[in-house]
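Work through the exercises below with the sequence and the model side by side. Try each task before reading its solution.

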Amino acid sequence: MLFSFSRIDHVQLTGPKGCEEKARRFYNGVLGLKEISKPPSVKSSGGCWFVIGTQEIHIGIEDPFMPPVKAHPAFVIQNIEELRNHLKALEIEIQEDRPIEGRTRFFVRDPFGNRLEFLEYE
């Protein structure tokens with residue numbers, strides 16, 4: 001092959017029209033991700049962007065909006081039990097799934113119903 005992949009640049013999630021403030025409260029306020037400015041060429045389409053490490057999470061607008069049932073990004077976490085306690089204290093529902101050997105994991109839904117996985121390798 002004459003091409004190769006180097007990394008994932010971003011993950012696109014979607015929310016309903018007007019979701020930006022709820023996205024900021026969840027992704028920045030609850031999860032602590034830093035918001036970054038959208039480039040001027042795409043700013044008018046709405047939504048907001050966040051950075052995690054060297055990758056980005058883009059919250060785009062979808063109208064009509066319907067959250068995916070199973071599709072999700074997975075975030076590697078340090079001190080996952082601290083995150084679990086933090087989310088429970090904010091009354092965010094934790095969803096358990098089948099265990100996978102060598103990792104601790106759980107899921108939550110963002111304010112729009114997007115499924116998010118958090119995992120820590122043992």
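The exercises that follow concern a predicted model.

**Exercise 1. Decide whether Thr 14 is buried or exposed, and find its surroundings.**

Solution. 
- Step 1: Locate the residue. Thr 14 belongs to strand S1, which covers residues 10-15.
- Step 2: Compare its area with the cut-off. Buried means under 20% relative accessible area. Thr 14 has 15%, so Thr 14 is buried.
- Step 3: List the neighbours, leaving out residues up to four places away in sequence. Thr 14 touches Gly 60, Glu 62, Phe 65, Phe 112 and Asn 114.
- Step 4: Look for a polar contact. The side chains of Thr 14 and Glu 62 make one, at 3.2 Å.

**Exercise 2. Describe the largest nonpolar core and state which elements give two or more residues to it.**

Solution. 
- Step 1: Give the size. The largest nonpolar core has 23 residues, and those with the most contacts inside it are Tyr 27, Ile 59, Leu 87, Val 108 and Phe 118.
- Step 2: Name the elements. Two or more residues of this core come from each of helix H1 (20-30), strand S3 (48-52), strand S4 (55-61), helix H3 (80-89), strand S6 (103-109) and strand S7 (115-121).
- Step 3: Find the largest share. H1 supplies it, with 4 residues.
- Step 4: Examine one member. Among the residues that Val 108 touches are Phe 26, Leu 87, Ile 94 and Phe 118.

**Exercise 3. State how S7 pairs with S5 and with S6.**

Solution. 
- Step 1: Take strand S5 (residues 74-76). S5 and S7 run parallel and are joined by 3 bridges. Phe 75 stands opposite Phe 118 in S7.
- Step 2: Take S6. S6 and S7 run antiparallel, with 7 bridges. Arg 109 has Arg 115 in S7 as its bridge partner.
- Step 3: Inspect the hairpin of S6 and S7. Between the strands there are 5 residues, and Gly 113 takes a positive phi near 95°.
- Step 4: Check the cover. Of the 7 residues of S7, 5 are buried, so the strand is mostly covered.

Key: Residues numbered from 1 in each chain as written. Predicted model: local features only at pLDDT ≥ 70, side-chain atom pairs only at ≥ 80, totals over all residues. Heavy atoms only, no water. Buried < 20%, exposed > 50% of the residue type's maximum accessible area, 1.4 Å probe, protein only. Polar contact = N/O pair within 3.5 Å; in protein donor to acceptor, adjacent residues only side chain to side chain. Contact = heavy atoms within 4.5 Å. Core = buried A, V, L, I, M, F, W, Y, C linked by side-chain atoms within 4.5 Å. Pairing = 2+ DSSP bridges.
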